[in-house]
Structure formats: structure tokens, C-alpha cells
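Hello,

Here is the structure I promised to pass on. Please open it and keep it beside you as you read my notes below.

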Amino acid sequence: MSDELVRFADWISPVPPVEREVVSRLVEGQSEQPPLLFVAGPGLGAWAFAERWLGHAASRGFPSYALTPRDHGDLRAHVHDVVQVAASLPRQAVLIGHGTGALVVTQALGRYPAKGAVLAAPVLSTWGTIGTALRTNPFGTIPAVFGGRLRLNRRQLFSAALPVEEADRYLARMTSERPLRPPRKTMAPRTRLAPSKRLAPRIRPVGDPPVLVIGSPDDRVVSRKSLEKAATSYGGAPLLFPGMGHDLMLDAGWAEPIDAILDWLTKELSATSQ
Amino acid sequence: MQDTPDIADRRDAVCVIGAGASGLATIKNLREHGFAVDCYERETSVGGAWNWRHDRSPVYAATHLISSRPVTEFPDFPMPDSWPDYPHHSQVLSYLERYAKHFGLVEQIWFGTEVVSAVPVGDGRWDVTTRSTGGGASRGQRYAAGIAANGHNWSPAKPEIPGEFRGELIHSAQYKDPAQLRNRKVLVIGGGNTGCDIAVEAAQQATTVWHSTRRGYWYAPKYVLGRPADQVNDRLLRWRLPLRLRQWLYRRTLAMTTGDLTRFGVPVPDHRPYESHPIVNSQLPYYLGHGRIRPVPDVTRFADGKVELSDGRRIDPDLVITATGYVPRFEFLAPELLDTEPDGRPDLHLHAFARKHPTLAVVGLLQPDAGLLPLAHWQSVAVARWLRLRHEDPVRAAAVQQKESARPIRSWSRRRVLPTRRHWFEVDHLDYLRTLVSLLREMEPAQ
């Protein structure tokens, strides 16, 4: 609570601004639906959402935006970028994070009263993901355990149903990045108090938005158990899409999860509006 | 508005008075806590003091933030990070307009409507009488609570200077444009941020500039050590440096840059650094050093159409601008509702909560040593959480009230400042926020 009000880090050393890449697919005329802001983890960019989900969400009436994470920068910088873009949108936005982008969204929810949030295949804890990733792709994962770069392979990210050429085309666009770490200085006191496996402290979302967790039981990066844990911490159960890989927005069958997200949003938002 | 205006009883709805920065944050946070809100705004647009189109707006063409952007923005809606460290008032207005639009607040505001009176009717409810600013019939509605966010920088405090003045005499509220100063002999009265800003502008426009201050002040630069000064100050606070050490550092920093301003004729400050509201102006020492601003003592009277100073000297300006601040006014509330003292100073718990009326609060009535918006935001969160708790758990609410009402002012405002009207609502932003942290914790919703 004290950190919510007394924000020394932001007052003393504001995150240095960067040019941000935001890709959008807008809706003609006045939209009744809130804007959606898709947030990718490092390694992916806005392009991954622009491929399928952005256009689809826009066709269903949701003005859609996707943010490319900045090069380098710690978790705080990524959270800063998400909040900056969200606040620049014309109306209160729904934040949708994928992978490590979902971790960024969980932190951004403490800094911006989102209309709602979706955590897709969220990478929230070290062992829940690295453990799973180690089993399927030890050589790509081991360096990341020691703070190096994480390499994910086709089998982890996509299902067999996705044509190999398409999968390779996507893989070629991905960059390997070091996993996001919370800035040592600001997070240290808390991690010392609670040496948990979480990558960042659980932050209470401001404005109490509805939060949905989605993922695949066959995801080879995020285990089903950690999906369930994530959903429980927001008071729900995960929405599962069996057969899909980690990159839900690119994999064959991409329409199913995004349609489920939009259906859920429509239901939640009609329930909360007076 | 979605509700029919004919129904006088608005049940659990809360009435917010004013759609400036504090009012907007109050609407948003009340709605986030599940309240229906009717906000009344006498002007036809949002922004309050920051909207230069408003009659009562105190801003002038060159008004920029005194505190830097990161310590001034709302904590849950940052200003664009591409903006300058000290944004212009028009940027602040566009920020508030975007805030209102982003959170759909405009739909809750009745523009061009002023609140004539708010009267308690027992069981915590309020009868609010409103009237169209253009005149016309008044209307009464009943609310569960009333929150005043009507600002405190709009009713000019004009000094009484005896005698007749030959030239033009205006309050800084009427100063809008540097053209008013061009090629004139100007006397600026007042050493606050506005007085210093206008003196600096006059130094660039007028033929002669006198700057009259009653006492010496500590004029802080906008930048030290390569950063906005308030960010450096917060670093010292984070390191928990004791006040005495911070005061010493403050003196050292000034000594190493602008130096002792008394060599230009400015009086010696009669107080230590941090014992008055911060006055931040890098250009004042510059123009003092260029001889463009001539410091003079207090004005005693007008004589023979001229201005007589306390040292007996007479000066002959064409234009006198009194930058002597503003007084808080709550015309729509009987003075006893806010425990207003005879001198006009309301006595409120945390400068926010009415002591005898649990459903009456004031948001934004603070003079912090940092930006006001974050404090107003958390004040309104505390008000919303308080009203929610009172609604849902009256027993716990009573316990909180009992505990809070016993807190003396000293427990949440330790800051030692000059005992002047200027400092009625002066708070240390850190102390104040920490006090709100403990209050918010007490009112934490049950899980």
C-alpha cells in the first residue's frame, strides 16, 4: 500500500522515454466497445498480434492496438510503456498480455485502472515456466536460467496443425531476448521479505477490473498448473484451448481464443455498466 | 444524463462540486467505488483553474508547472512522457480533458450549473440547491454525500493599501498577457510563485520593474544537479536525511549557484529553507543580477498618486500588480459545517473531512511541496473508501471515525512553516501520503 502512494522510483528516476511502436486496427465510426491493448513479451512484437488477432477484434467492433516492447529495459520500463500507451488511448482500455507480456500487464494493472485484463499463456513465475521449458527444450532454456537469452523452438510455440513453413516464418521474425527481470533496486526489499518464485510481486489491480486467464494445457512453456495458479490468484479458472501451442495468437486455431476473449469481455462489460 | 432530473431524491448518489482536476479525480474514484455521481460545474467545460477560458482561472499566458511532471501527474493516468519536465498550462488542460474523456466522466457533469447551497438534512444526507449559471429557476436534489472540489485559487486576496493611486492597480488574477506589461513601469507585489513569474516577465517587457516583498524568501532553481529540483529533493527524502541536513544542503546548493541574493537588495529570509511554501524560479536571480528587477520593501500606502514604501521611498509605477494570492471560499456551505474559524480558515481533518459531518468532504484544499494532483487523487480515494465503508460496515466505520477524530493536526502535519494565511493548508507531500496510507489501510475493504 505504501508503495502505491509513495512512489520514489517514479519521482526520483522516471523511466527514460523511448519511441514506441504501436500498431492499430480501428473501427469505422463511433465504437461502443472499449479499446484493446495487446502486449507482447520481449522477443515478439506488435506484428504477432497484427497477423491475426488485431484485425479480427476490430471486425468485431473493438478498436485494437498492439505495443512492441522496447529493446532492453527492465520490467519497470515495460510497465511504464504499457501504462503510457493505455493512457494515450481515447477511452479506458482492456489490457491483453501474452507470455511475459502478461507479467507486464499484471504490474501495469497496479498503475492504470484498466477496463478489464486478459492474461494469455502468462509467464508469471520462474519455475512454472522454466521447468516446463527445460523439459521440452533444455538447450534453449538453460542460458535463461542464468539470466541469458531464452530460445524457444517450434514445438513449444506452435501445434502440429500449423504448417511448418508458416511456423518457420514466424520463428524467423522472433528475436531471442533475456527474460524480463524486475529492477533490483526497487523490488529488492519485497523479494527479501518473501522469497517467492514469482518474477514480480503480486500487485492488486486498481479499480478492480475483471481479469481472465487463458492458455493451453498443451503449452510447452507455461504449465497447466501455473495457468491454474494464475487464474486462482485473480479469483477464477483458466479458459483452456487444448491442442494449441504457447503462441495462441499465431497458432492454427487462433480464432478460438480471441473469440472467447471478446465474448467474455462483452459479457463482463455489460454486467458492470450501469 | 441517464437519470430523469425530475426526481429530487438521488438516493445513494454523491454530489461533487466542481469539475477541475480535484473534482474530476473525485468523480472517477467515486465511480470506481460503485457510486453514482452528479457533478455540478459553473463553467461550460472541465479543467477548473487550468482552463484559461474560465472567468475564475488564475493562469496567465506563460504559466508552467512549478513542480515537475512525474510528481504532478495523477498516479493512475500519467502525462505523456514525451512532454517537457515542466509542462505549459495548456498541456495541463489538455491532460485534464483527456482524463475526463478517457474515464467517461463528462457524462456525470452538469455544466453551466452552480451550487447555491448544500444543507444537511439529518442521517448524513444533503439537500443541494443548484441553479443555471445564466440565471433561472433553482432546483433541489437530495444526495447521500457532498464533496466540495471547488478549488481555492479563484477568489483573489486583495491587500488593502490606503490612499489613492494614479495608475492602474490589478490583482494577478487579472494578469493574463505580457502585453499588459510592455513599455510600462511595473510594480509587482508578492514574493510567491506568481509574483516571481510576473516580475520575471515584466523584466522582459516593462521599462522598469520593482518587486516588493514583505520578507526575504528562498528562491529555488527549477534544476539542480542536472535534474528537476523537486526530484532531487525527493531523493533526499528517500534517503531519510534529517531536516537540518537538508536545510544545510539547500543553503550550500544555493551558495554554489546563485549565491546570496541580499547583495542585490533582497531582504534576508526570516525563516529557514523548507519553512515556507517552495518558491521555484530560476530566472528571478538572473534578472536581479541584470538589474532588470529592483527589489523593494513592503508597500505602506499610496500618496500623491504614487507608491510609498516602508523605507519611506516613493516610486511612481504605471501599473501595480498585487500577486497576493487567493482565499478559500465555500459560499454554498454555512461556515460552521466546515468548522470555519473567524478568519475564514476551515478546520478539517486532513484538510479534507468535515469534523461533524461524516458525509461532507473537501478535495484538493492543500498546498503541498510537490504536485497537488496525486494528493487530490488519494484524498478522493480515501473519501470514496470512507463512504463505501460507512455504507457497508457502519460498525467498522464508527471505529475508524472515532480513531481518526482523536488525531491531532500535529500527527499528520509536522511541517514547520511561517504562520501566515499562505500556509494554512501547507503539507509535506510525503507525510501527507503516509498518513493517507494508514487511513486507507484502516478502511481496507473486507476480502
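**The core**

The largest nonpolar core has 183 residues, and A:Leu37, A:Phe38, A:Val82 and A:Leu95 touch the most other members. A nonpolar core here is a set of buried Ala, Val, Leu, Ile, Met, Phe, Trp, Tyr and Cys residues joined through C-beta atoms within 7 Å. Buried means that 20 or more other C-beta atoms lie within 10 Å of the residue's own; exposed means 12 or fewer, partly exposed is in between, and C-beta atoms are placed from the backbone. Helix 7 (residues 373-392) of chain B supplies the largest share of this core, 11 residues. Domain 1 (14-155 + 326-442) and domain 2 (158-322) of chain B each give this core at least three residues. Those domain bounds come from an automatic or database assignment.

This is a predicted model: local features need pLDDT of at least 70, side-chain atom pairs count only at pLDDT 80 or more, and totals for chains, interfaces and linings use all residues. Residues are numbered from 1 along each chain as its sequence is written, while chains are lettered from A and ligands numbered from 1 in the order in which they are written.

Back to A:Phe38. Leaving aside neighbours within four places in sequence, A:Phe38 is in contact (C-beta atoms, placed from the backbone, within 7 Å) with residues including A:Phe49, A:Trp53 and A:Tyr65.

**Between the chains and domains**

25 residues of chain B are in contact with 23 residues of chain A. Helix 9 (429-442) of chain B is one of the contributors on the chain B side. Helix 9 of chain B gives the most, with 7 residues. Helices (H or I, at least four residues) and strands (E, at least two) are DSSP runs, numbered from the N terminus. The chain B side divides into 13 nonpolar, 3 polar and 9 charged residues. Ala, Val, Leu, Ile, Met, Phe, Trp, Tyr, Cys and Pro count as nonpolar, Asp, Glu, Lys and Arg as charged, and the others, Gly among them, as polar.

Within chain B, the centres of domain 1 and domain 2, taken over C-alpha atoms, are separated by 29 Å. There, 21 residues of domain 1 of chain B are in contact with 21 residues of domain 2 of chain B.

**Strand 6 of chain A**

In strand 6 (residues 211-215) of chain A, 5 of 5 residues are buried. Strand 6 of chain A pairs in the parallel sense with strand 5 (residues 116-120) of chain A, over 4 bridges. Pairing requires at least two DSSP bridges between the strands. A:Ile214 is the bridge partner of A:Ala120.

Best wishes

Technical notes
Contact = placed C-beta atoms within 7 Å.
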